[in-house]
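Reader: I'm new to this one. Can you walk me through it?

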Amino acid sequence: MSIDLLDAPRESSPTDESVDAYIEGGAGIGTIAAGLSRVDPASVVNVLDVGCGYGFALDIGRFLYGWAPIGIEPSRAGVRGALELELDIRNDYLTASTDLGRRFDLVHSSEVIEHVPDPLSFLRALREHVTDDGCVVLTTPAAEIVAESSAASDVLTAVSAGFHVFLASAAGLERLLRSAGFASVDVTRHHGTLHAIASAAPNRVFEPGGLGRDVERSLEPYYRFRDKGAPADSALANGMITRYVRAVVSRGDFDAAMAASPRLIDCMRQRHGLDLANPESVLDALAAGTPPPWHLAGAAFALGMVELLHRRRRDRAATYFELTGEAVAGFEKVAGVLDLDSVDLRAQGALHHALALAVDDANRASAMAAAMGSDPSTPGARLFTCRIFVELVAAGQYEAAAQLEEIVAASIRDLVEREAEHDRVISLDSLFSLGILALNTGHPGAAHEWFQRCLHVADVAEDAHSLEVAEWARAHIALTVEHGAPTDVRVERWRRPPTIHHSVDVYWCDPYGTFVEGWAWAEGERVERFTLRVGDAVCEAVPRDSAHLLQYWPDDPACARAGFTAYAEGRPAGRTVLTLHTTVGDHDVELELPSSPLPAPAVLADVDPVEMMKRWIASAPPGPVLALGVRAANTDIAARRREMFGDRDVVGLDIHPGPGVDVVGDAHVLSRFLPKAHFAVVFSTSLLEHVAVPWLVAAECAAVLRPGGLAVHGAPWVWPTHGEPNDFWRFSTGGLQQLFGPATGFRVLDGGSCASVVVVPSPIWRRGAAKMPTTSSAALSWVVSERLADPPPAVAWAYDPAVGADEARRYPVDGLASEDVDATLGRTGAATEEPA
C-alpha cells in the first residue's frame, strides 16, 4: 500500500537559520545512529549517505567506526556540513549514472524517499551504488500511521502537507525494494516510521551490529568530541553539549551532568543571550517575546532534573520545569507544529513541575495535576495525575491530595488492568496512597477497602516492589481495624486480564481472503472457541490440537487446546484481531502479521532460458536446425527468432503456413516427410502442449536427429489456457525428461524450471480446502537431451495422420501468411510423404 500525496513536492531548501535549528535540536541523532546499527560495522569500509543533510550519519560512522564517507545533498545543509564537519558531501542529486568512483558497502538514506517523485527509480539508483553484498538502510514515514486511531500530530508529521510526495506501508516499501533489485529485504515499523534494510545478496540475514540497544550511551563520546571542537557561540556546540547533558541525565549520571552544565550555560549565553544559570531571567525574556531556540526546552528539563534529583532544590527545579513548558509553547508559535521530542518534553515538564511543587506549593501542584488528568491530549495524563497524587500523599499534603482523589479512583482500575510493569507500579502506589489518605482523614472503612484492593493486585505479581507493597498493605489493614473498620467486608476482586500467549504459524492472503493458523491461550483460563476478524470480515476458527505446548507450560493443561485454523473470506483490509472466548470472558489479540504474507517464491535457477538454449544449440554437432512451431506474426519477428540459431541452416516447421515457416507439416510424423538422421538440433518452445501425442513427437524428433544431435525444448508448466481448442498438456521438468529420455532414444543432458508465477485458488475451491494457500511455482520447464539411438518400436500410438492433421489445424490461425506466401518464403510446402 502507498498513499500518493503530490505530483511534485514544494520547494523546501533549508536556510542557514533552519540548518542551525536542525543542528541545535531538530536532528534525531539517536535515531540516525540506530539506523546505522542495523549493520555490522566491521562489514563496512565505504559508506554513502543519500540526502545526508548536514551529514551527521556520515560523521558518526567515521567517528565510531572509521568508515570512509561520501554524502549526496543538494541543499545548503550539505554545504554547511561539508565545511563544519570536514566531510566529502557532493552538492548534487544522485542518479544511477552518478560517478562516485566506487560502489559502497553501506548506502544510507534517512527520511528522503518520501520527497522523491519517482521512488522506484530512486531505489534503483541506490541499487546501482551499493556493492552486491552490501546493504541499503533507509527510513521513511509509515503510511499505516494515517488512520483514525492515530494521534493527529503523528498523522500531520507523516503527511507533512506540501513536502511529502507519497507514503509507503511496510508491505509496499518491501515490494518497491524487491522491484528495484534487492533480493533480501527487511522492513519493520516503529510507531510512525518504517525502518528498512535491503541487500542484493539472496538469503541475507540481517543481524543488529554496532551500537545495539544502548545508542545514547555510545553517542556520548561523539557529543563531547564535537562540542569541544566547536566555538561556544556556534550551533554545533550548542546542539552537542545539550544532547550530551540530556543523555547523561537520562541514565542518572548526575556528576557528569554537573560537570558539563557550565559549558551548556556558557554556550546558550554566548549564542542566544539566554542565561540558564538564572532561569527566571529566561522566563522573563520569553514573556517579552524572545523566540526560544529549539534545544532550550531539552536543556532546561535536564537542568531541572539535576536540581530535583541530585541537588534536592525543589523550588529551583520547579522554575526549570516551568521554563521547559514555556520554551515548548514559544517554539510551537514559531514552528507551527511540534516534533515528538517537544511533545514529550511538554508533558514531562508539566509532570515534574507539579512534582517539584508538591511539598512547598501543594495546592498549585494539585490544580496542575487535575488539569492534566482531564486533558485527553496529554500523553499519559492519568498516569501523571496518579504520580502527583502519590507524591502529595507521601509529603503529607492530604488536603491537596483529596482534590485528586476522585480522578485517581476513577483511573486506577484501568491502570491495574494494564500489563506494563510501569503502569502496575503506579497503580499499586496509587491504591496504597488512597488507603493512606482515607486512613489519615478519618475514613478507616474506605482505607480498609483500598488496602484490600492493593493486596489483590500485589498478590498477582512476584516482583520485589509488589511484595513490599503487599506487606505494607497487610500491616495497614490491621491499623484500619484498630481504628474501627469492619472486618467482615469483602471487596470484589478486580480481574486483571490474563497474560495472552500466541503465535502465528501459517499466514497468507490473496484477493479472496485471509488464512491464519496458530495457537493462542489465556494463562489460567480455558478457551472455548476462537473468532478471527479481518477488517469487517469475521469467521469462526476451527480448533486444532496444540499438545506440543505442554512441554513449555506443563502445569496448565488448557494450552493443549489452544490451536486454531481460520479462513476469513473477503478482500484483506484493516486490522486482524483474534478473539479468545474463554470461560471467564473474551480477550482480543491484534495479530502482528508478517509484512510478506505469501509463501516464499519457488527457489528457481537464475537462468535466462533463451540464452541457455542458444548456448546448447551452439554446442551441438555441425548441421542444420529443425525448429518446430515457429510461425510468427510477421517476417521481422521471424527473422529475430532465427538469430538464436547462429549461422546454422534452419528449417522452420508449423501446422499452418506463415512467416518463419519453411515446411507445413504435422510434427507427429516428421520422419515421413523429412530426412532421417539429418538434423543436428530439433528445437521447440511452447509447442508440446499443443500436440495430441507428445511422446510420438519426441520419438519423431529422435528419428530425424543424427546420432549425437540435441533435442532442445521448452514448454509451459504453470500457465493459463491458451491456443484453444488445441491446448492439451503441461510439463514439469521431470515430465520433459521422461519424454526426451531413454524410452524415446535420448540421454538427458540438462533441464530445469524458471519464471516464478503465483497460483490463486478460487473461493469455491477454498471452501473445501481452506489450507490451500496462494502459492508460487515455475511457469516454464525446459530440457536438453542427446540422441543416442533410434527410438524403440514400443513408442507407438493409434495415430491416423489424416485425422491428426485435421485436428492439428484446429490450432488458431492468427498470423497466417497471405496467399503469396510461396513467393515470400521461397520454400514452403505441405509435405506428407517421406522423401525419396
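Author: Let's start with terms. Helices (H or I, at least four residues) and strands (E, at least two) are DSSP runs, numbered from the N terminus. One caution: this is a predicted model.

Reader: How many helices and strands does the chain have?

Author: There are 29 helices and 24 strands in the chain.

Reader: What share of the residues is buried?

Author: Of the 836 residues in the chain, 49% are buried. The chain exposes about 38,500 Å². Carbon and sulfur atoms supply 52% of that area.

Reader: And the contacts? What part joins residues at least 24 apart?

Author: Take contacts between residues at least 6 apart in sequence. Of these, 70% join residues at least 24 apart.

Reader: Which residues have the most contacts inside the largest nonpolar core?

Author: Phe56, Val245, Leu276, Leu296, Ile388 and Leu392 do. That core has 122 residues. A second, separate core has 32 residues, including Leu94, Val112, Val130 and Leu177.

Reader: What is phenylalanine 56 in contact with?

Author: Leave aside neighbours within four places in sequence. Then phenylalanine 56 is in contact with Tyr22, Ile23, Ala27, Ile29, Ile32, Tyr222, Leu236 and Met240.

Reader: How far apart in space are leucine 286 and leucine 274?

Author: They are 9.7 Å apart, C-alpha to C-alpha. In sequence, 12 residues separate them.

Reader: Another helix, then. Which residues are buried in helix H7?

Author: H7 covers residues 170–179, and its buried residues are Ala170, Gly172, Leu173, Glu174, Leu176 and Leu177. Leu177 also belongs to the second core.

Reader: What covers them?

Author: The cover includes helix H5 (119–129). It also includes strand S6 (130–141), strand S7 (166–168), strand S8 (184–190) and strand S9 (193–199).

Reader: What follows H7?

Author: Glycine 181 does, and its phi is positive, near 110°.

Reader: Now a loop. Where is threonine 98 found?

Author: Threonine 98 sits in the loop between strand S4 (89–90) and strand S5 (104–110).

Reader: Why is it called buried?

Author: Threonine 98 has a relative accessible area of 19%, and buried means under 20%. The side chain of threonine 98 reaches the backbone nitrogen of threonine 95 at 2.9 Å. Leaving aside its neighbours within four places in sequence, threonine 98 contacts Tyr93 and His129.

Reader: On to sheets. What is the strand order in the open sheet of 4 strands?

Author: The order is S10-S11-S15-S14, with antiparallel pairing. Strand S10 (500–510) and strand S14 (542–544) are the edge strands, and each pairs on one side only. Neighbouring strands of this sheet are turned by 20° against each other on average, direction ignored.

Reader: How many bridges are there between strand S11 and strand S15?

Author: S11 (residues 513–522) and S15 (residues 563–569) pair over 7 bridges, in the antiparallel sense. Phenylalanine 515 stands opposite tyrosine 567 in S15.

Reader: And the open sheet of 7 strands, what is its order?

Author: That one runs S20-S19-S18-S21-S22-S24-S23, with mixed pairing. The edge strands are strand S20 (663–664) and strand S23 (746–759).

Reader: How do strand S19 and S20 run, parallel or antiparallel?

Author: S19 (residues 650–654) and S20 run parallel, joined by 2 bridges. Aspartate 654 stands opposite valine 664 in S20.

Reader: Last one. What does helix H25 lie across?

Author: Helix H25 (residues 694–704) lies across strand S18 (625–628), strand S21 (679–685), strand S22 (705–716), S23 and strand S24 (775–787). H25 runs at about 150° to S22.

Technical notes:
Residues are numbered from 1 along each chain as its sequence is written. This is a predicted model: local features need pLDDT of at least 70, side-chain atom pairs count only at pLDDT 80 or more; totals for chains, interfaces and linings use all residues. Side-chain values use heavy atoms; hydrogens and water are left out. Buried means under 20% relative accessible area, exposed over 50%, partly exposed in between (1.4 Å probe, protein chains only). A polar contact is a pair of N or O atoms within 3.5 Å; within protein, one must be able to donate a hydrogen and the other to accept it, and residues adjacent in sequence count only if both atoms are side-chain atoms. Contact means heavy atoms within 4.5 Å. Two strands pair if DSSP finds at least two bridges between them. Axes are lines fitted to C-alpha atoms, for helices over the stretch in contact, and angles run from 0 to 180 degrees between N-to-C directions. Accessible areas come from the Shrake-Rupley method with a 1.4 Å probe; for residues, only the protein chains shown count as cover. A nonpolar core is a set of buried Ala, Val, Leu, Ile, Met, Phe, Trp, Tyr and Cys residues joined through side-chain atoms within 4.5 Å.
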